[in-house]
Structure formats: C-alpha cells, structure tokens
Amino acid sequence: MSLQNIKIGCLGGGAMAEALLSGLIKSGLAPGSLYVSDIRRERLDYLSSVLKINPVDDNSILAAQVDILIIAVKPSAVGRVMAEISGSLAAGCTLMSIAAGVPIKYIESFLKAPFGVIRVMPNTPCLVGEGACAVSSGTYAAAVDRDRASAVFSSVGRTAEVPEELMDAVTGLSGSGPAYMFMILEALSDAGVREGMSRDVSLLLSAQTMLGSAKMVLEKNEHPAVLKNMVTSPAGTTAEGLLALEKKGLRYALMKAVDKAAKRSKEISGSLK
Ligand SMILES: NC(=O)c1ccc[n+]([C@@H]2O[C@H](COP(=O)([O-])OP(=O)(O)OC[C@H]3O[C@@H](n4cnc5c(N)ncnc54)[C@H](OP(=O)(O)O)[C@@H]3O)[C@@H](O)[C@H]2O)c1
C-alpha cells in the first residue's frame, strides 16, 4: 500500500525511530508527513534539522494529528505514554509498538476506543535498511492496519507476520540474532588473521560471505542445505570445515542460543502480562 498523504509519527525519537524515519524518507515519503515527539529537546532538534521532519513537544498533540503512531520508547515507559495519549488518538489511527516484550493486551488496556494495534519486533539492521521485523496484530486491527505496518517496516527491511505468542521466540532469533552473527563474524575474521590475512581483508571477506550467503537464501528460494551441498565437493576442503563445525556442535549452540534468549524474553515480559 502507498503511505503517500498519510501522516506518520514516532513517539520517542531514539535510535530505532531515527532508523524508521530515515527509511521512510529514503522510500520516498515527504519529510513533511513525518512527525516525532521526545522528552529530550536535543533529539527533537537533531531529528528536525537532519531529517527535516516535524518536531512535536507534546505526545498528546502528536497522537491527535497522525494516522500512524509508532510507540518507540523503552518498554518501561510504554505505560506512562499510553496513559498520556490514550484519550487523544485521532480517529482511524493505527497504533504500532516496537517496544520489546510489551504485549498487545497491555497496550489495548489503555485504549478508550477500539483502535488497531500492531506489535512489531524489529532488529538493529533496520539502521542500514536490512532489518528483520516480525509483526503481530491486535484485537481490533483490520487489514488496513496490517497493510500500513507492512508498508512502514518494509522501508527498513523485510517483514513477516507471526502470532503474538511467538514474539519471545522472535526476540531470541532475529531480535538477538545480530549479536550471534557479529560473534560469528568476529571469530571468522580472527581465523583469517590467524592464517596470515590482514584484519581488514579478513573482516571484509567474512562479512561479505555472510551477506552473500543470506542473499542467496532469500533470493534463490532454496533450502540452506541445498546451497551448502553446492559448496561441498567429495573429499574437498568444505567437507573438512563442516566436520569441525559438527564436532564442536555449531547447530546445537545456535539452537540453544535462541532457546535461552527466548526464555529470557518470556521472563522479562512476564511482568506486563
Ligand atoms: N534498538 C534496538 O535494537 C531495538 C530492537 C527491537 C526493539 N526495540 C525497541 O524499540 C524501542 C526504542 O528503542 P531505542 O533503542 O530507539 O530507544 P531509545 O534510544 O532510548 O529511544 C527512546 C527515546 O524516547 C525518549 N522518551 C522516553 N520517555 C519518553 C516520553 N514519555 N515521551 C517521549 N519520549 C520519551 C527517550 O528519552 P530518554 O533517553 O531521556 O529516556 C529516548 O530519546 C524500545 O522499546 C526497544 O525495546 C529496539
């Protein structure tokens, strides 16, 4: 769907809001249709001067004038801002929350009318337009709300709809996932240095290999095992490398990492349920 002529506001102008607003501008939206509020005057000044978007110094005034309101404050501040804005939301507004671990029911508990709520779990690669965003719909969310969410978050990466009960698993997989990937990249670049490469060359080769491999999975629509087999010739070098990874339990380690992070997410968000 087109977001032209739709007013979009971010409540909270931190790192994630900046990534989203930049992505929306890059995707062709006029900065004049974008709004931000923040308790930090310096963030409003920065975002309005760099992105040329509209600064608003009152959350309720922001809520009253936008078609899409994105709650982008830390999870601990969501209750406070919802209490502040719930009586001011413009008719037909879609409320989107990116606050990690904050359930849709919690947000809906503040509403005075049945607004469409969408919960989104983005990740840090949104900062470079390659985010992985999982999206869940609230009780009153209609097709228009889902379409709006898909359009907004497609501007900073790829989106997937998931039932809300999978959000802790999403947090463990794609939310925390960049850290797993960075650890793998650090180890690969150390390995290249150990073999005699300069750090720069080793890191470039490692990162480009991860980027290219992910792109093949996304664009060739093949199972990763099929693509892995394409690189693995009988009695060749890759087969030796894979043997070492199997011996040290790479698959188990990654599955366990997601499991542990998902459980931790459930513990953290449990207090709001
Ligand atoms: N960063 C990530 O990788 C990531 C990934 C997934 C989800 N998220 C979610 O995205 C949300 C935003 O994350 P972030 O990293 O962008 O946070 P952030 O940098 O702390 O940005 C939040 C901004 O909102 C401001 N704020 C706090 N209370 C406010 C209020 N009552 N009214 C208006 N503004 C207020 C904060 O000011 P103060 O600093 O003074 O409090 C800060 O400038 C979080 O809920 C987080 O769980 C982030």
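Domain bounds here come from an automatic or database domain assignment. On that basis the chain splits into domain 1 (8–163) and domain 2 (175–269). Keep in mind that this is a predicted model, in which local features need pLDDT of at least 70, side-chain atom pairs count only at pLDDT 80 or more, and totals for chains, interfaces and linings use all residues. Residues are numbered from 1 along each chain as its sequence is written, and side-chain values use heavy atoms, with hydrogens and water left out.

Let's start with how the two domains meet. Their centres, taken over C-alpha atoms, are separated by 32 Å. Seven residues of domain 1 are in contact with four residues of domain 2, contact being heavy atoms within 4.5 Å. Between them the domains bury about 450 Å², 65% of it on carbon and sulfur atoms; buried area is the accessible area (1.4 Å probe) that two parts lose on being put together, summed over both. On the domain 1 side, Gly101, Asn123 and Arg158 lose the most area to domain 2, together 64% of what that side buries.

Now for the cores. A nonpolar core is a set of buried Ala, Val, Leu, Ile, Met, Phe, Trp, Tyr and Cys residues joined through side-chain atoms within 4.5 Å. Buried means under 20% relative accessible area, exposed over 50%, and partly exposed in between (1.4 Å probe, protein chains only). The largest nonpolar core has 32 residues, and Leu3, Ile8, Ile68, Ile70, Met96, Val152 and Phe153 touch the most other members. Elements that each supply at least two residues of this core include β1 (8–11), α1 (15–26), β4 (68–71) and α6 (143–154). Helices (H or I, at least four residues) and strands (E, at least two) are DSSP runs, numbered from the N terminus. The largest share, five residues, comes from α1. Apart from this core lies another, of 24 residues, among them Val66, Val81, Ile85 and Val117.

On to the charged pairs: a search of the whole structure finds twelve salt bridges. In one of them, arginine 119 pairs with glutamate 164, the closest N and O atoms being 2.7 Å apart. Arginine 119 sits in strand β6 and glutamate 164 in the loop between β8 (157–161) and α7 (167–175), so the pair ties together parts that are 45 residues apart in sequence. Arginine 119 is buried at 7% relative accessibility, while glutamate 164, at 25%, is partly exposed.

Glutamate 267 and arginine 264 form a salt bridge too, with closest N and O atoms 2.5 Å apart. The two are three residues apart in helix α12 (residues 250–269), so about one helical turn separates them. Glutamate 267 is exposed at 54% relative accessibility, and arginine 264 is partly exposed at 46%.

Definitions and conventions
Salt bridge = Lys/Arg side-chain N within 4 Å of Asp/Glu carboxyl O.
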